[in-house]
Amino acid sequence: MALSEMNGDGSEQEEGGCQEPDVIARGNILESFAESQEVRGLINSLKGVYGDLGTREMTIEKFIVIMDKYQEQPHLLDSHLEWMMHLLLDIVQDNRSPSPLVHLAFKFLYIITKVRGYKIFLRLFPHEVADLQPVLDMFADQNPKDYETWETRYMLLLWLSMTCLIPFDLARLDGNILSKEGCTRMPIMDRILNVAKSYLVVSDKARDAAAVLVSRFIIRPDVKQKRMADFLDWALSTLSNSSFQTMEGTIVMDGMLQALAQLFKHGKRDDCLPYASTVLECLDNCKLSESNQTLLRKLAVKLVQRLGLTFLKPKVAKWRYQRGCRSLAANLQFSAQVPVVQNLVIAAADEEEYDIPGEVENVIEQLLIGLKDKDTIVRWSAAKGIGRITGRLPKELADDVVGSLLDCFSFQETDNSWHGGCLALAELGRRGLLLPSRIADVVPVILKALTYDEKRGACSVGSNVRDAACYVCWAFARAYDPLELKPFVNQISSALVIAAVFDRDINCRRAASAAFQENVGRQGTFPHGIDIVTAADYFAVGNRVNCFLNISVYIASFPEYTQSMIDHLVNTKINHWDGVIRELSTKALHNLTPQVPEYMTNVVLPRLLPLAVGTDLHTRHGAILACAEITHALYKLAAENNRSVTNYFSEKSLEGLKQIHLELCSRQLYRGLGGELMRPAVCTLIEKLSLSKMPFREDPIIDGWQWLINDSLRSLPLVSSTARRQIKEAAVSALAALCNEYYINEQREANPALQGELLQQYISELQNTEEMIRCGFSLALGALPRFLLKGKLQQVLEGLKKVICISHKDVSFAESRRDGLKATAKVCQTVGVKRNGPQDEFVCKDNVIQIYTMLLNGMSDYTTDSRGDVGAWVREAAMTSLMEVTLLLVQNEPELLDANICKQIMCCVAQQSAEKIDRFRAHAGSVFLSLLNFDNPTIPHIPHREELERIFPRSEAVTLNWNAPSQAFPRITQLLGLPTYQYYVLLGLTVSVGGLTETTVRYSAQSLFDYMKKIQNDLGAMNNFCETLLQVFEDNLLNDRVSVPLLKMLDQMLANGCFDIFTAEENHPFSLKLLTLCKEEIKKSKDIQKLRSSIAVFCGMIQFQGDMRKKVLFQLFLLLCHPFPVIRKTTASQVYEMLITYSDIVDPDILDEVMTVLSDTNWDAELPLLREKRNYLCDLMKVPKPQLVSKSAA
C-alpha cells in the first residue's frame, strides 16, 4: 500500500509495456484552471436550466467533467474558489430562488468540495453573525429522507460548522426568547445541537458533515460548559444501545464514532480528559473489533488513539532521534568527505517525570490488535496511532512498544500482522522514535518482510507486506544518518535490488525501486546507486520479463549484488508457486551464469541436483529447468573460450544430470497432474543437454530420453488442455535436438535400422484414432533432421497427406490437419529443393504438384463444431505453409513454380483476405503482400502483378491494417475488377457482407456498393460481375455457409439499386437465372434464417420487368401459406412494404384492397382459412393460384 500511494499509482501494469505511466504523465501536466470562463458561464446559466431535466443533467455532467480533471492537482483551483462560491451562494441567499435552483447550486458547491477537500473550502464560507440565523432557518426546509438533495444538507452542515464559530456567546443572539405568542423559543445553542444530533444518524454523507459540526461547536467555551457533558452522555448511550449487527445500528454507530473522534481530535486536552476513561470503557463494551464493518473498526481505532493522546501530555519526546543535515547534495557528497555527526539522541535525564495513566496500556494493546486487522485502512490507522502515542511516552515505555511491535513478525502470525507491523515501524522511523540501538533488531525483520510470500490455495498472499517493507526502507532512508545505517547497507541494498527486479507484483517492484532511489539520494552509501537507479527506474521495472532477463544482468555485473541475486533465485524463486515466475527465474539464471561460472558449477548446480529429484513438485520443476538452463549457458561459455563443456562439470554432476530422468521414471513421477509439469521440464532438460553436446553418445540414457519423448506425445490426449500445448512443443523441440546430436554418425548419416524403426513408428501413429496423438507425431516428423528423412521423403509425405485429408471419420480433427500442414512445410524446408533430384530425398519436379495439392486442400477447410470455425486454424496454417514452400522454391528452383500453381495460391489467399474473421483476414493479407512484394527474386506468374502493385503500394504495406475492416475492404474490393481474382474475392466478400459483425458488414457492403457504382454504366463489366455472382451461387447451392450470407448480400444489393441497369429490360437472363437458383436454394428448406432472407430477395427482384414479376409474386404467395407462421407473417409484412415502395406493380384500383388483406389478416390462423385469403389475392393481382400437391402425387 504505502509506496504505491506515495507514487500516486496503485495500478497493475504488467507485461504489456508502459502505457499506464504515460497516462499518469499526461494527467499531471495542467498548469492553471483553464476552464474558468466556461465554469463561470455554467454557473451563470443555472437560473435558466434548472427547470429542464435534460439541460440540467447536461450542465451538471459538463461541470463534473471539468472539475474531475483537477482531482490530482486541486491546488490549481485555489485562486478561483472564492468567486465560484460567491456566485453559487448568491443564488442560495436570493429569496426569489426556487427550491430546485437552490439544490442545484448546492450540488455544484459539493462537486467543488469533493475535488478540493472540505477543509480548504470550509474557510471560504461567509461566517458573520448575520449568517448564522439564515443558515439555521434553511434546515427547516430540508427533508433528511430526500435522497435526491443530500448535497444541500451536506453543504449546509459544513457552512453551519463555520458560522457557529462566531466569537460571541450564543445566548446574546437569543434576545428575548419569548415569542410573540408567549411560548418559549428554543435557544440557538440547542437548535444547532439538535441539528447536529439529527444528522449524525442519517444514512447519507451529511453524517460526515454533522461530525465536523459537532467537533467545532461543542468545543466553544460557552457550549463546552453547558452542553458537552450532556452531548457525550447522549452519544455514549446511543452507541451502547446500537448494534453493529443491523444496518440501522451500523449507521448510528458510524455517526457517533465520527463525532467522538473529531471531538477528541479538536478539543483541548483539559476539557476532554475528564470524559476519556468513560468513553474508552464504553468503546470496550461495544466490542467493535468483532464487527465485520471495516469503517466501524477503523473509526474505533481512530477514537482509541485520540483517547490515548488525551491521556498523555502533549509534548515532544526529548529522547527521540533527530537527524541533523537533510540536504540531498550533502548526502551525495558523503563518500568524498565524512561530515561532522550532527545526530543527537538527547538524554532523558532532564525529562519531566509524570505518571502514565493505566488506560494507556489498554490503548496501546488495542492499537497493536488493530495492526493485525484484516483490512488495510484499519491497520494504517493503528500504525499512525502507535507512532503518535509512542512520541509522548518515556524512553523505556517506548522501547517496550517497539519490542511488542517486533512480535508481529513471527511466522505464526498472518500476513495482516506483518503488514501492520511494517507500517508501524515505518511510522516510528519517520518520527525518530526508533532509536539506532534498535536498528540491528529491525533490519533482519524487514529483510524477511521484503521476500514474504505465503501460499494460500492456488495463489499467495504477501504482496502488501513486501510493499510495506519497501515503505519502511524508504522511511529509514529519510530518518537516519548514513553512519547509522552503514553496517546494514549491503544487506538493505541487495534486498531492495532483488525486490525491484525479481518481485512478482508490479507495485512491489516499483515500491522497491522508489525506496532504493530514496536511499541513494538520502544515504549516498548504496554501491553503484546512481547506475542502478538509472537502469531500474519506475518505468523500467514495469515490465516483468525485462526485469528478470535484462535489468538483472546489468545489476549483476556489479560484484556486490551478483551472488545475492543468484542465491535469491535458487532459494526463493525456482520453487515459487507461479509457474511463470519459475520459468523466468531459470532463464534469469541462464543469463547470470557468464558472470560467475565457477560459482554456478561448484555451488549452485550441486545444490540444484538433489532438488531436481526432491519431493516438492514446484521445487522439482524449477530445479530441473534451472539445471537445463545453467548447463546450456556453461556450454555457450565454453564454446566462446574454445574449451570443452566437460571442463565445467565433475563426474558427479554429469551423473546427477543423467539420473534425473531415471529417478523420476522409477518413482513414476511422470503420471497424473504432477506429470504435466515434469514431462515438459525433462523434455527441456533433454533439449538443453543435447544442444550442450553432453558426452552421452551410445549411453543407455539416450533410449530413456527417446522413450519419454514418444510417451509424452502418446499421452497428449490424457493431459489437460492447458498443459497439452506446452508438452507437445517441449517434446518436439527435445526430439530435434536429441536426433541432431546423438543419432548421427561420423559420415553425417543415420543408422539405417534406427531410422527405419523411428519413421515407421511415427508414420503409423499419424493414423491414430486420437486427434492429439496425430498432432504430436505430425510435428515430430516436421522436426526430424535431414539425415533421418533422407530416402524416406515420399513415405513421410504420404503419411502427412492422410492426416491433412478430410474423411468421414476424422472430419472434426482440425487441429491434426493444422499440425500436418505445418509439418509438411517444415519437412520441405528441411530436405531442400533440387529440380531433378530423387523424390525420396528432395522437393523436386516429381513431387512438387503433390505437395502443393496437399497445402491448397487446406485452404478449403471450413469445418465447424461447438468451438466455432475450427477450419480457420487449418486455413491459417495452409496459408503460412504455402508462403514458406513458395519462398523456398523461388529462392532455389523458381522453374518448379508454374503459372497455374501461382494463380491458385494468389486467388485462394485473396479469398481469405476478403473473409469475415479479422485475425485470419489480417493473416491472409500479410501473406498476400509478402508474396507480392518478395523480390529475392520476385515470384513469377503472379496474375495482374502491375494492377496489384498499384492497389497495394509497397510504401503502405507496413501501415495497412488488415485487422480493421475500414482499411481492408476498400482495397480488397478493387480486386473485383481483375478477372482472375473476381470469383474468389466475391466468394470471400459474400461471407463478410452477409455476416453478423456490424463493422465488418458495414465496411464490406459499402466497399462493394462503391465498386458497383463505379461499373454501373459499363455493361460488359456488369455482365461479367453478374455471371460471376451467379456462378458463386450455383457452385455453393445448398451450402449454407455461403448461400445464406449470399441471399443477405443480394437483398442489400437489390435495395441499393446495384442492378438498375438490368431492371428496364424485360425478362433479363440474370434475373431469370437468379430466381431459379433462389427457388432451388429454399426448396424443402426448414431454415428460418434462409427463408426470411429469400423473402427479402424475392421482394427486391420485383424491380425486374416482364413475366418475372408474376413469377416472383407466385413465389411470395406460395410463402404466404408456408407451414411456419413466422414465415407467413414475414412474407405478408415484406410484401406490404414492397407494394408501398413499388406501387406500379398493382393496379391502383385494387391496391387498397390488397393492402387491407395483407395487413388485416391474422397470418397465425389455420392454413385452409389462409389459403382462401391468399387465393383471393392471386385473383386480385391476376397471379396463378398455387395448387396443393398431394403427398402421394409428390
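A salt bridge here is a side-chain nitrogen of Lys or Arg within 4 Å of a carboxyl oxygen of Asp or Glu. This is a predicted model, in which local features need pLDDT of at least 70 and side-chain atom pairs count only at pLDDT 80 or more, while totals for chains, interfaces and linings use all residues. Residues are numbered from 1 along each chain as its sequence is written, and side-chain values use heavy atoms, with hydrogens and water left out.

**Stop 1: Lys-107 and Glu-151**

Select Lys-107 and Glu-151, which form a salt bridge whose closest N and O atoms are 2.8 Å apart. The pair links distant parts of the chain, with Lys-107 in helix H7 (residues 99–116) and Glu-151 in helix H10, 44 residues apart. Helices (H or I, at least four residues) and strands (E, at least two) are DSSP runs, numbered from the N terminus. Lys-107 is partly exposed because its relative accessibility is 24%, and Glu-151 counts as buried because its value is 7%. Buried means under 20% relative accessible area, exposed over 50%, and partly exposed in between (1.4 Å probe, protein chains only).

**Stop 2: H9 and H10**

Next, show H9 (residues 129–138) with H10: the two pack at an angle of about 150 degrees, their axes 10 Å apart. That makes H9 roughly antiparallel to H10, a word used for angles over 145 degrees. Axes are lines fitted to C-alpha atoms, for helices over the stretch in contact, and angles run from 0 to 180 degrees between N-to-C directions.

**Stop 3: Arg-191 and Asp-137**

Arg-191 lies in helix H11 and Asp-137 in helix H9, so the pair ties together parts that are 54 residues apart in sequence. Arg-191 is partly exposed, at 24% relative accessible area, and Asp-137 is partly exposed at 37%.

**Stop 4: Leu-173**

Move to Leu-173, in the loop between helix H10 (150–163) and helix H11 (188–199). Its relative accessible area is 31%, so Leu-173 is partly exposed.

**Stop 5: Glu-815 and Arg-818**

Jump to helix H41 (residues 814–831), where Glu-815 and Arg-818 lie three residues apart, about one turn of the helix. Their salt bridge has its closest N and O atoms 3.8 Å apart. Glu-815 is buried, with a relative accessible area of 16%, and Arg-818 counts as buried at 16%.

**Stop 6: a network**

Finally, select Asp-453, Arg-466, Asp-503, Arg-504, Asp-505 and Asp-578, which are linked in a network of salt bridges. A search of the whole structure finds 56 salt bridges.

Key:
Parallel < 35°, antiparallel > 145°, perpendicular 65-115°, else oblique.
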